Amino acid sequence: MSAAAPRVRGWCPGALRPMLSGDGMLLRVRPMLGEVSAEAMRGLCDLAGRHGNGLIDLTSRANLQLRGVPEGDVTTLTDGLRALGLLDPDPEIESRRNIVIEAGWRPGDLSHRIATELMGLLGDLPKLPGKFGFAIDTGAEPAVNMVASDVAFELAADGGLILRADGAPLGRRLRIGEALQGLRDMLDWFIATGGQDTGRMARHLRHAKLPPDWLAAAPRSYEALPKPGQSGADLTLGAAFGALEARAMITLLDSTGARALRPMPGRLFRLMGVAEGAAEAARDAGFITTPDDPALAVHACPGAPYCAQAEAGTRALARQLCDQLGPRLTPGQSLHVSGCAKGCAWPRAADLTLVGRHGAYDLLRNAAPWDTPEARDLTDTDILKLTEF
């Protein structure tokens, strides 16, 4: 049986709208066109060390997150982000810039053109719910299917461009020059049919029906997702639990000669334009360099006491389970330790899920964090006795 998913806030923290958490203020940085220059990334690491907890989190929506910031440091930190070119000069545009673009884009290709046009259109779009997001996944390498975006530009199975609403199995065919007009049409429909009240597209589609001709083409298959490894001059890496240690990140940038960093869904990131020997340097700096590393399949939020909503610690237990059960993970399996039933680090079913509750843990198999557990009130000791999924 499945319980209802827990209620979450109607907005996401941004750089200009921080959120108070258990360890201080939390600010989220949305990279322009999904990319941060090496110079700006060094600056961000410096800010994380001086004003935060020294870590930069890779979020599930391919953003960068600073936490542990004292309330009195927020203005100074925001000024620093602005000086690095990481914020839009217009606060209203910054609040709307909830765009995920596939990390393989190249200047002038379809993903880049759509993203650039969308950035220029944000100020003219109707007012949308705070969490409303866009995905652009029209490159050679499908990459954003795990991101909960309300509307997505994708390629159809036959290679044509489509616009698909989250929750719809099929999309609307578009000519290349019609991309932004197609988006306007869908947003106008969303508003006219009461989407503001439901908040998210997938939830809205439970009550409203898309026009039939907007359900005309299936999206391409997402069988081959990005994994750590080098492709030409670019290097894809992972970080355990999506946490980038600021000092290690600076070392990585210096040793690889990368010109930029692109955060990716799945708590991966891509270094653009690296020097020879970059993979070895990344491994020495403590980053995940191979697709079979079990840490990629083990997910954990910051947990208590760092998150105000968490009811138990997470990452220490997750590290122990990674060492104990990780080598037994088969491709596609996952293990999730969540501080609460929201399941922010992995908001979907996992082979084994542990959910913090009143200082102990509930255990679920092949279920999401908000589903009904098969066992309750387990201690760390109980859990570490597990020998199988």
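This is a guided tour of the structure, stop by stop.

**Before you start**

This is a predicted model: local features need pLDDT of at least 70, side-chain atom pairs count only at pLDDT 80 or more, and totals for chains, interfaces and linings use all residues. Residues are numbered from 1 along each chain as its sequence is written, and side-chain values use heavy atoms, with hydrogens and water left out.

**Colour by confidence**

Colour the chain by pLDDT, the predictor's confidence in each residue, from 0 to 100. The protein chain averages 91, and 96% of the residues score at least 70. Now select residues 1–8. Their pLDDT is below 50. Beyond near neighbours in sequence, this stretch has 15 contacts in the model; a contact means heavy atoms within 4.5 Å. Where pLDDT is low, the predicted coordinates should not be read in detail. Elements follow DSSP: helices are H or I runs of at least four residues, strands are E runs of at least two, and numbering goes from the N terminus. Confidence is lowest in strand E1 (residues 19–21), at a mean of 85, and highest in strand E3 (residues 36–37), at 98.

**The five-stranded sheet**

Select E6 to E10. These five strands form an open sheet in the order E6-E7-E8-E9-E10, with mixed pairing. Two strands pair if DSSP finds at least two bridges between them. Strand E6 (99–101) and strand E10 (172–174) are the edges, and each pairs on one side only. The twist averages 20° from one strand to the next. Axes here are lines fitted to C-alpha atoms, for helices over the stretch in contact, and angles run from 0 to 180 degrees between N-to-C directions.

Zoom in on E9 (residues 161–165). Four of its five residues are buried, so E9 is largely enclosed by the rest of the structure. Buried means under 20% relative accessible area, exposed over 50%, and partly exposed in between (1.4 Å probe, protein chains only).

Check both neighbours of E9:
- E8 and E9 pair in the antiparallel sense over five bridges. Alanine 152 has arginine 164 in E9 as its bridge partner. The two strands form a hairpin with five residues between them, and glycine 159 in the turn has a positive phi of about 95°.
- E9 and E10 are also antiparallel, over three bridges. Leucine 161 stands opposite leucine 174 in E10, and isoleucine 162 stands opposite arginine 173. This hairpin has six residues between its strands, with glycine 167 in the turn at a positive phi of about 100°.

H4 (residues 110–121) lies across E6, E7 (134–137), E8 (151–155) and E9, running at about 155° to E7. H5 (residues 179–192) packs on the sheet too, touching E7, E8, E9 and E10. The direction of H5 makes about 20° with that of E9.

**Helix H8 and its surroundings**

Select residues 246–256, helix H8. Ala246, Ala248, Met249, Leu252, Leu253 and Thr256 are buried. Look down the axis of H8: the buried residues fall within an arc of 160°, so they line one face of the helix. The arc is that of the directions from the helix axis to the C-beta atoms. Their cover includes helices H1 (38–51) and H9 (278–284), along with strands E12 (234–238), E13 (243–245), E14 (260–264) and E15 (268–272).

Now inspect the ends. At the start of H8, a side-chain oxygen of glutamate 245 comes within 3.1 Å of the backbone nitrogen of arginine 247. Just after H8, glycine 257 takes a positive phi of about 70°.

Move to threonine 236 in strand E12. Threonine 236 counts as buried at 3% relative accessibility. Its side chain makes a polar contact with that of arginine 270 (2.9 Å). A polar contact is a pair of N or O atoms within 3.5 Å; within protein, one must be able to donate a hydrogen and the other to accept it, and residues adjacent in sequence count only if both atoms are side-chain atoms.

**Strand E17**

Go to residues 335–338, strand E17. Both faces are covered: Leu335 and Val337 are buried on one side, His336 and Ser338 on the other. E16 (residues 298–300) pairs with E17 in the parallel sense over three bridges. Histidine 299 stands opposite histidine 336.

**Last stop: aspartate 362**

Select aspartate 362 in strand E19 (residues 360–367). Aspartate 362 is buried, with a relative accessible area of 5%. Its side chain makes a polar contact with the side chain of arginine 357 (2.9 Å). Not counting residues up to four places away in sequence, aspartate 362 touches residues including Thr353, Pro373 and Asp377.
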